[in-house]
Amino acid sequence: EDGDQVVIRVEVPGMVKEDLNLEVRGDALIIRGEKRIEQEQGNGRYRVRQCTFGSFRRAFQLPAPVIAEKARAICSNGVLRVELPKEERARGRRIEVRSG
């Protein structure tokens with residue numbers, strides 16, 4: 001978290017953007033992922049078919065109110081980075097001290 005945004009990084013090995021679903025609900029970020037892999041190999045008279053399925057769901061409590069409509073999510077090399085801009089009222093503001 002910094003003055004302007006909340007950043008969340010999650011490792012999601014083997015997943016691409018189509019496998020992920022993100023949602024801001026109240027004061028939480030919910031990340032869901034689902035991966036399906038089907039492989040088929042044939043060698044002569046024998047054929048092997050293998051199916052792998054996996055899913056996950058994680059919820060992160062957000063430390064400040066955010067603007068969900070302006071959120072950005074980037075998935076690259078197995079790492080998901082979510083940037084959530086804070087609402088104006090949640091941002092810190094520097095107050096200048098004057099001599100009097």
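Helices (H or I, at least four residues) and strands (E, at least two) are taken here as DSSP runs, numbered from the N terminus. What you have above is a predicted model, in which local features need pLDDT of at least 70 and side-chain atom pairs count only at pLDDT 80 or more, while totals for chains, interfaces and linings use all residues. Residues are numbered from 1 along each chain as its sequence is written, and side-chain values use heavy atoms, with hydrogens and water left out.

Let's start at a turn. Asn 77 sits in the loop that links strand S5 (72-76) to S6. Its phi is positive, near 55°, although the residue is not a glycine. The hairpin made by S5 and S6 has two residues between its strands. Asn 77 counts as exposed because its relative accessibility is 79%; the cut-offs are under 20% relative accessible area for buried, over 50% for exposed, and partly exposed in between (1.4 Å probe, protein chains only).

Two strands pair if DSSP finds at least two bridges between them. S5 and S6 run antiparallel and are joined by five bridges, whereas seven bridges join S6 to S1, again in an antiparallel arrangement. Val 82 is a handy landmark here: Ala 73 stands opposite Val 82, and Val 82 is also the bridge partner of Ile 8. S6 is mostly covered, with five of its seven residues buried.

That brings us to the interior. In soluble globular proteins, nonpolar side chains tend to be buried together. A nonpolar core is defined as a set of buried Ala, Val, Leu, Ile, Met, Phe, Trp, Tyr and Cys residues joined through side-chain atoms within 4.5 Å. The largest such core has 14 residues, of which Ile 8, Leu 29, Leu 62 and Leu 84 touch the most other members. Two or more core residues come from each of strand S1 (5-11), strand S3 (28-43) and strand S6 (79-85). For contacts, the criterion is heavy atoms within 4.5 Å. Leaving out residues up to four places away in sequence, Leu 84 touches Gln 5, Val 6, Ile 8, Val 24, Leu 29, Leu 62, Val 66 and Ala 71.

Now turn to the other set of strands. S2, S3 and S4 form an open sheet in the order S2-S3-S4, with antiparallel pairing. Its edge strands are S2 and S4, each of which pairs on one side only. From one strand to the next the twist averages 10°, with axes drawn as lines fitted to C-alpha atoms, for helices over the stretch in contact, and angles running from 0 to 180 degrees between N-to-C directions.

Beyond its sequence neighbours up to four places away, Ala 59 touches Leu 29 and Ile 30. Ala 59 and Glu 23 are 36 residues apart in sequence, and their C-alpha atoms are 9.5 Å apart in space.

One last stop is Asp 19, in the loop between S1 and strand S2 (20-25). Is Asp 19 buried or exposed? Asp 19 is buried, because its relative accessible area is 17%. Neighbours within four places aside, Asp 19 is in contact with Gly 14, Arg 32, Gly 33, Glu 34 and Lys 35.
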